[in-house]
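Have the viewer open as you read.

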Amino acid sequence: MKKSKITLVLPILRGSGISMMSQAGAEHLGLGYLTAVLRENNYDVDIKNFQLFTMVNQWKDRNDSSKVDEISIDESVKEILDSKPDIVGISVTGPTMDECLEISKKIKEVSPEITIVFGGHQVSVMAEDIIKNEKNIDYIIIGDAEFTFLNFIKALDEGTDISSIKGVCYLRDNKVVNTGFPEDVNLDELPFPVRDSLDELKKYLNVKEARLSTSRGCYDACTFCIDSTLYKKNKWTARSAHSVVDEMEFLNKEYGIEGFWIIDDNFLNFTNKSQERARVIGEEILKRNLDIWYRAYFRADGLDRAEELLPLLRKSGLRVVHIGFESGCQTRLDYFRKRTKVSHYYRIVELLKENNIGLQVGFIIFDPFTNFENIRDDTKFLFDIGEMYLLFNFVQNLLVFPGTAIYDQLKAEGLIFKELTYNSTFKVYDYRDNKVKRLAEQMESIYNLELINADKELQRLNIITIPNILYKLRCGENSGNDKVNNIVKNFTNNKDQLLETLNQFNYDLFLDIVGMAEGEWDQSFFDAKIGEITTEIVKTKDKLVILCDEFCSTLINNKILSESDII
């Protein structure tokens, strides 16, 4: 039996950058897991990750002549076809849908015999509509695809019926066949994902960071979240602690990876199982003497009854916690069904500060139901926790996905002005208050690539680069040295002053904008205030870069740290 040759594709995200926040931003572990399972079963698989081009350009020096040109659709198609595939699997997201459809069309024009398969969250939810309307798409794999895709390819190669394989959608006799949702994947049965993208990145960049997946799912059902819609249940599954640390150790020793961006939505949640697993992961990292750091997502209730975990996790390398606060207004938290209190958020922020752990927040300041009082509550919360220094936190509009509770509520209120389709935006809604709508749309429109990069550079310096340097100083032989302590104290005071000033500046000016928007809209006033905010953000970022460079030079010149210690 001839085995199919497979090419897996991650299309480029046009008109957008890769976050300057993480060197690991262009890795796609979903394709890495698929490839690992297929190769384990002796299939020939290529990965074409076209987002690597953007990643390389973002991280190379702006004047570096070795930057890579962004790849066109035709060039993408040529690369795919040059790999001589029998099956092309494409990972689809909302922003790349049009690119995926165009790539599929061009592949079929040249080689109609190639089987094209779509996968991903959005296509899983809207699989039947896509199959019905897009003639170039042969199959859609629904949900977690590792074993579904393997069994599907085996059936194609053997010429057997695929209707018994759960998780496949296709046309038969012009009728849509959807075989239903696949069984849950036992994550410990999966091999480590292949790291082809990491290998490619290391040809261009000194990459010391990688993505890591340790769990899937969530026990909660926030009204805006697509996961509970997709999986039809609230469930959390996880790899064993030893498996997680085994992969960390492998990547550390084989690839020189020092930093891990854990991509799970819920690395730590309120359950005993999750908290115990986190404890064992921390202990195992220390037991193996791994000199690493990591960023992880916590639910806000993840430390309930488990505050004592933080010192251990910090010692094991936890540098940053990402928490989806979404709002600092109790009314909004309630209708988002977050099942928490604003007071609890303040306590979490305090705990992280006490343990010298950085905070990265998820925040949705605008949604169709919010009002100006809510916006002021949210703005005050962001200011209180020191997060108004980032423009990102006060420009975000809610994305509304089909089948979610908030979509159904908007539809019931007549606020959906256009039915969501597989290739529409996720903002097909109106606001209860048109003045809020105008403010929301104007704020989102100003967040261009230059400001995104400035924001993320500033954030990375604040919660990744600087804390890692300070950690090495605290743990090193100079930790008790008065001279070193004075250098550090002077630097941190100056850094804190810069960010506190920006936090206050943005707070004051944004409230001015909110006040204007609540009355009569004045575009020239808005443009002037936004101009001041964006100028101050870029200026502060540049000052912090200079301050950090001077600090690092002082440490190196005084032989306190070596160049290799500086990230």
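What follows covers the cavities, then the salt bridges.

A bit of housekeeping: this is a predicted model, where local features need pLDDT of at least 70, side-chain atom pairs count only at pLDDT 80 or more, and totals for chains, interfaces and linings use all residues. Residues are numbered from 1 along each chain as its sequence is written, and side-chain values use heavy atoms, with hydrogens and water left out.

**Cavities**

The structure has three cavities of 30 Å³ or more. Here a cavity is a set of points on a 1 Å grid over the protein atoms alone where a 1.4 Å probe fits but cannot get out, and a lining residue has an atom within 4 Å of a point. A volume is the space filled by probe spheres set on the points.

The largest cavity holds about 50 Å³. Its lining is made of Glu 27, His 28, Leu 29, Gly 32, Ile 47, Val 194, Arg 195, Asp 196 and Ser 197. Helix H1 (29-40) and helix H8 (196-201) each bring at least two residues to that lining; helices here are DSSP runs (H or I, at least four residues), numbered from the N terminus.

The second largest cavity comes in at about 40 Å³. Among the residues around it are Tyr 33, Leu 187, Phe 192, Arg 239 and Glu 247. By class, this lining has six nonpolar, one polar and two charged residues.

**Salt bridges**

The whole structure contains 43 salt bridges, each being a side-chain nitrogen of Lys or Arg within 4 Å of a carboxyl oxygen of Asp or Glu. Three of them:

| Pair | Closest N to O |
|---|---|
| Asp 220 and Arg 339 | 2.4 Å |
| Lys 380 and Asp 384 | 2.9 Å |

Take Asp 220 and Arg 339. Both sit in loops, Asp 220 between strand E9 (215-218) and helix H9 (227-231), Arg 339 between helix H13 (330-335) and helix H14 (342-354), so the pair ties together parts 119 residues apart in sequence. A strand is a DSSP run of E, at least two residues. Asp 220 is buried at 6% relative accessibility, while Arg 339 is exposed at 57% (buried is under 20% relative accessible area, exposed over 50%, partly exposed in between; 1.4 Å probe, protein chains only).

Lys 380 and Asp 384 are four residues apart in helix H15 (residues 372-384), about one helical turn. Lys 380 is partly exposed at 38%, and Asp 384 is partly exposed at 33%.

Finally, Asp 246, Glu 249, Lys 253, Glu 284 and Arg 288 are joined in a salt-bridge network.

Definitions and conventions:
1 Å grid on protein atoms, 1.4 Å probe; cavity = no way out; pocket = protein on both sides within 12 Å on 5 of 7 lines; lining within 4 Å. Nonpolar A, V, L, I, M, F, W, Y, C, P; charged D, E, K, R; others polar.
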